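Please examine the model shown below.

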Amino acid sequence: MLAAVVPSKPADVARRDRDIGGVAAFGLFAAFVVAMFFAIRRLKKRALEDRADRELRDEIEDAARKGSR
Amino acid sequence: MNTFAQLVDLISPRKQPSPMSRTERLYVAGIAFACALACAAIWGVAAGSGSGSFAIRNLASVPMLVVVSTLASLPLGMLALRLTTAEGRPSDLLVAHSGATFAGALTMLLLAPLVALYQFSSAWAGPVVAVLTVILAFICGIFVFVRMLHKLGAVGSAIVVPVVLLAVVQLASLAQLSALAPPIMPTRTTFGHGIDGIAVSTEAVK
């Protein structure tokens, strides 16, 4: 019913809109991938620091436990 | 840090050797999602292998479908988790979802040779096999998602609403996005026509 009321776009306009949409979607996707790359790189640095802290804390706790015996 | 081993440990039923900090979990989630996108891209190449241009276009369009459907569903699932339960953390849902996406995409990657073989050799069986691998990967993903949430400490009945909501919204958005996006295979399947195609085929079955 809607199709009878709303006139459809001419084929060339529809094609141009689709092309623009496709390029915009690909651009957004590329931006997302780049942002994800930098976010992962930053998280890796902080995750390594966290891991080193945890290992050091575990070592200190182990040493303290051995010392108390 | 062997992140990949950590990631495989996280999606397996094995217990984690040591609890991870929030940053470590987010890092593993990021790696899992990046690996999932890479796996999906390779599956896309296999699904479009019948025709050269489809294979190249799928390198971007299949990961794009995964990203957009995730962006459409994950925030809603996180909000549902926050509203329905006091125990679960939204970061747990993020990690579990990334791990599940990775597990599903890995399933697709391992089935990609079969998809490529059928796409090359049969015009009607190729798309059917491709859709079946996606359904299998989705089921595998849901299974891993629930198990990971249990492993990360989310309690049983409280996660039902967010998990069901997330899975339904992701499936619904994926089905409709595949109709909007450029075709992945040379022939469009019922799912490739979105909700209209599914409704028509349901009426035909009736």
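Q: Is B:F143 buried, exposed or partly exposed?
A: In this predicted model, local features need pLDDT of at least 70, side-chain atom pairs count only at pLDDT 80 or more, and totals for chains, interfaces and linings use all residues. Residues are numbered from 1 along each chain as its sequence is written, with chains lettered from A and ligands numbered from 1 in the order in which they are written. A residue is buried if 20 or more other C-beta atoms, placed from the backbone, lie within 10 Å of its own, exposed if 12 or fewer, and partly exposed in between. B:F143 has 13 C-beta neighbours inside 10 Å, and therefore counts as partly exposed.

Q: How are α1(B) and α2(B) oriented to each other?
A: Helices are DSSP runs (H or I, at least four residues), numbered from the N terminus. Helix α1 (residues 3-11) of chain B packs against helix α2 (residues 22-47) of chain B at about 90°, with the axes 10 Å apart; axes are lines fitted to C-alpha atoms over the stretch in contact, and angles run from 0 to 180 degrees between N-to-C directions. Because angles of 65 to 115 degrees count as such, α1(B) is roughly perpendicular to α2(B).

Q: Which residues of α2(B) make the contact with α1(B)?
A: Two residues are in contact if their C-beta atoms, placed from the backbone, lie within 7 Å. From α1(B) come B:T3, B:Q6, B:L7 and B:L10. The residues of α2(B) are B:V28, B:I31 and B:A32.

Note on methods: Helices (H or I, at least four residues) and strands (E, at least two) are DSSP runs, numbered from the N terminus. Angles under 35 degrees count as roughly parallel, over 145 as roughly antiparallel, 65 to 115 as roughly perpendicular and the rest as oblique.
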